[in-house]
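The sequence and the model are shown below.

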Amino acid sequence: MTTFHKHNSLNSRQEHLLHRLYAEQQQFLHISPQSMQQIAAEFSLPLSQIEAVVAFYSFFSTRPRGQFDILFSNCTSCGYLADGHNLLLMLAEQLQVTPGTTRDDGVVSIDETSCIGMCDQGASLLVNGTPLTRLNADRIAAIRQKITANTPVTNWPREWFEVHEKIHQRSLLLSEQLICASALKKALSTSAEAVLATILQSGLCGRGGAGFNTGKKWQFCRDAPGHAHYVVCNADEGEPGTFKDRLLLHQHADTLFEGMTLCAFAIGAEQGFVYLRGEYRYLLGHLLSVLEQRRCQGLLGKHILGNAQFHFDIEIVVGAGAYICGEESALIESLEGKPGIPRIRPPFPVTHGYKGQPTVINNVETFIAAAHVVAHDSDWFKAVGTDHSTGSKILSISGDCRFPGIYEYPFGTHIQNILDDCGAHTVQAIQIGGPAGKLIGAANLHRTISFEDLPSGGSFLIFGQQRDLLAVHRNFAHFFAHESCGFCTPCRVGTQLLKSSLDKIASGHGTARDVSELKRLSDLIQHHSHCGLGHTAANHVLDSLQDFPQTFESHLKQHLTAQFDLDQALACARQIRQHHDTTHPG
């Protein structure tokens, strides 16, 4: 069981609720009603809040999971459909366990989960939370043997768990390792105002895709009244097809923490958090080690580098499987020990964030870029990119290409150049920025990666001519339906209806009217949902209706055949209401 360090050189704080629940799950393989009552008492919280948290996060279960708990990624790049095999069903049949359940003897459970960030590593799974990559039929048979022999996961072959980082193109951030403390020493030799001015002058914008000016965000937070200011790193990259943070957290963690410390100096914060996605829990030990090393070097804690007025430390909170927590207000809710349901905005986190106080939230790449900007100066950064998009962008590229992996390009690079570099020569479509991003085809390969043209949070999902795009859309629609937090009706119900509509068309029962309904439904979800997940959940369908209409038309029936199953139609509503009424004929 993973041990969580409670060390914090500034404050002694209680173990985070998510960590306590995770420890309970690891020890007893589920979280029982009795344990929820106990944890509620420990944290002096209402039992209803504990129950809501357990129900919200997909990595928690109230039913016992197996001693070997296996979750196959269902991503289009690292998913279990590989080389003509359904690897999930293959292992389930070999182990005689029904997918989505725990075997009667309690030894093994098998299910699927959303993208685990291993898109350049081939078909992948999590076994007891640890990623296992490059799956094939032979590896599945070997896994079956280990489970049948009851061999502990710690004794499985080490090479099964190796994650080979593949960097094919480097620019500003990946060409060199920043010298530890170089940016921080430079900052402390000047002033907080000077650091802020450098970030503003660089034109650095957030690398999460929205592109808000980083310096302005820091300035707004610095100027906001409050009894405390906070720095939060969003390391919850859950967008399918995105895995750049995996590399950055592994190879550039020191620079990330330096960037967060610079932000704290600029805005007057004493506490920072890294919100690490649950799928990257295996990186926790490494990150804690880097933090402890920085404390020993006087780069975190009290009186940083001898500065009597500068105190700052960082705590890591690990999520538990919820894509929506990548949305910054949902992330804050999760940090506060609640379900990750997005807040109504305004107010924004820069004025009312963690515990209602001014909070800067940036992603991993943005903080790393900020550290480089301060170390090298703003002119160095502005010399790369375009007038409106300064610097470089790190991309996660996977799918139908010869060289999947990490690529860093100056903003303004043409899509065609990127495809040439990664060996994608028979491209049908590219999903830029994940399922919530932009789907483009061959007519748009002259366009560029930039905030003024095609912004991206950092992923290219490449689909060759042989791909069935309708299957891709179904995968995306199922993802959004599963990950909706359920707060608002347009997203909660709309994503389920979108999923059902695409399933109907794929099954050969769709008509032209169903395609028209796709457009109407997608518009409704896009314009009436509460948060960014809903606003973007139908982007891929709308893009395909415009640029790839044959995706849907080729599957349509020419004549309507009436087919209606009342129980099936009501299944979703019953699940949402947790009501199991019985339907009667007549």
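By class, how many nonpolar, polar and charged residues does the lining of the second largest cavity have? In this predicted model, that lining has 6 nonpolar and 3 polar residues, with no charged residue among them. The residues in question are I324, S484, C485, G486, F487, C488, C491, H530 and C531, and the space that they line has a volume of about 40 Å³.

The largest cavity holds about 100 Å³ of space, and of the 13 residues that line the largest cavity, R277, E279, A322, Y323 and E483 are the closest to its centre. Here the lining includes charged residues, 4 by class, together with 6 polar and 3 nonpolar residues. Helix α16, which spans residues 469-483, gives the largest share of the lining of the largest cavity, namely 3 residues.

From the cavities we can turn to the sheet. Five strands form an open sheet with mixed pairing, and their order across the sheet is β4-β5-β1-β6-β7. The strands at the edges are β4 (101-102) and β7 (130-132), and because each has a single partner strand, one side of each is left without a neighbour in the sheet. The partner of β7 is β6 (residues 125-127), and the two strands pair in the antiparallel sense over 3 bridges; in one of the pairings, L125 has L132 in β7 as its bridge partner.

Helices are also found against this sheet. Helix α5 (residues 137-148) packs on the sheet and touches β1, β5, β6 and β7, while its direction makes about 165 degrees with that of β1. Helix α4 (residues 87-95), in turn, lies across β1 (68-73) and β5 (108-113), and it runs at about 170 degrees to β5.

The buried residues in α20 are N539, H540, V541, L542, D543, S544 and L545, where buried means a relative accessible area under 20%.

How values were computed. Residues numbered from 1 in each chain as written. Predicted model: local features only at pLDDT ≥ 70, side-chain atom pairs only at ≥ 80, totals over all residues. Heavy atoms only, no water. Pairing = 2+ DSSP bridges. Helix = DSSP H or I, 4+ residues; strand = E, 2+ residues; numbered from the N terminus. Contact = heavy atoms within 4.5 Å. Axes fitted to C-alpha atoms, helices over the stretch in contact; angles between N-to-C directions. 1 Å grid on protein atoms, 1.4 Å probe; cavity = no way out; pocket = protein on both sides within 12 Å on 5 of 7 lines; lining within 4 Å. Points joined across faces, edges and corners; volume = space filled by probe spheres on them. Nonpolar A, V, L, I, M, F, W, Y, C, P; charged D, E, K, R; others polar. Buried < 20%, exposed > 50% of the residue type's maximum accessible area, 1.4 Å probe, protein only.
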